Amino acid sequence: MIEARLGELVDRFHCGSYQELANQARSLMNDALRREIVDKMTTNETLFFRDRSPFEALQHKIIPHLIDAKEKTAYPTRLRIWSAGCSTGQEPYSIAMTLSEMIPDIHDWDISIFATDVSDDAIKTASTGVYAAHHVERGLPSQFREKYFQPSTGGWQVTDAIRSLIRFQRANLLEPFTGFGRFDVIFCRNVAIYFTPERRVDLFKRFADSLSADGYLFVGSAEAPSDLTHRFFPEDHCRSTVYRPHGSTSLT
């Protein structure tokens, strides 16, 4: 995989080996090469409403619970959601469409979907919201295409009303979450499987610190934070497992 993805960079930068390419990337003067390597090595395989059950849990259990829990607070219409490792944007757009289906006056609410990825190319694609026809056909209900997309050069573009709910930003999950704030829901699926066990534990600790007291964490099916039972407890909703910080109100 490394040869297939980085071979062209080895030739273009006149390196005699992959080690020499790595040494150049570590150079303080070669930030552009580092970013190219990240873009080429990042796996951006995703689709709209991937695995579906997390979005069903979001719609039928989690958002209704959060709305009820916030009703008597100072900010009853505020929701903060983070799509960490958002790839080319299908996940945060799926979240935004789910919320739009649930909340008719959504643009009168204080809703923010924060979407981050380590790849500049992925964030650029996600920000434009333009997808080829075969991407739109994968996982997206046909009625959502008619409601939330419009024809565009190169395929279909997400409507401005949905795009306005999302803020895209490049971010590396191995670095501190400086200035990110707290979130009611965090999606980070099929990302931590690429981390070492130590890095994965550290990541989930920082997610726990970034969740509101009544928050929810979605991870991939092979990424359960089993080493952090003192920070999270699992709940099953709509065939999906979600993790809650200890002290939050159980839905079960």
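1. Starting with α4 and α5: in this predicted model, helix α4 (residues 53-70) packs against helix α5 (residues 90-102) at about 50 degrees, and their axes sit 10 Å apart. The two helices are therefore oblique to each other. As for handedness, α4 passes α5 in a right-handed crossing.

2. Who touches whom here? On the α4 side the contact residues are F55, L58, Q59, I63 and P64, and they meet E91, S94, I95, T98, L99 and M102 of α5. By type, the residues of this α4 with α5 contact split into 7 nonpolar, 3 polar and 1 charged.

3. Now the other helix pair. Helix α2 (residues 18-26) and helix α3 (residues 31-41) cross at roughly 125 degrees, with axes coming within 7 Å. That angle makes α2 oblique to α3. From α2, the contact uses L21, Q24, A25 and R26, while α3 brings in L33, R34 and I37. Sorted by type, the residues of the α2 with α3 contact come to 4 nonpolar, 1 polar and 2 charged.

4. On to the cysteines: how many disulfides are there? The count comes to 0, using a cut-off of sulfur atoms within 2.5 Å. Take C188: its closest cysteine sulfur is in C86, and at 11 Å that is too far for a bond.

5. C188 has a relative accessible area of 0%, so C188 is buried. C238, at 25% relative accessibility, counts as partly exposed.

How values were computed
Residues numbered from 1 in each chain as written. Predicted model: local features only at pLDDT ≥ 70, side-chain atom pairs only at ≥ 80, totals over all residues. Heavy atoms only, no water. Axes fitted to C-alpha atoms, helices over the stretch in contact; angles between N-to-C directions. Helix = DSSP H or I, 4+ residues; strand = E, 2+ residues; numbered from the N terminus. Parallel < 35°, antiparallel > 145°, perpendicular 65-115°, else oblique. Left-handed = near helix turned anticlockwise from the far one by under 90°. Contact = heavy atoms within 4.5 Å. Nonpolar A, V, L, I, M, F, W, Y, C, P; charged D, E, K, R; others polar. Buried < 20%, exposed > 50% of the residue type's maximum accessible area, 1.4 Å probe, protein only.
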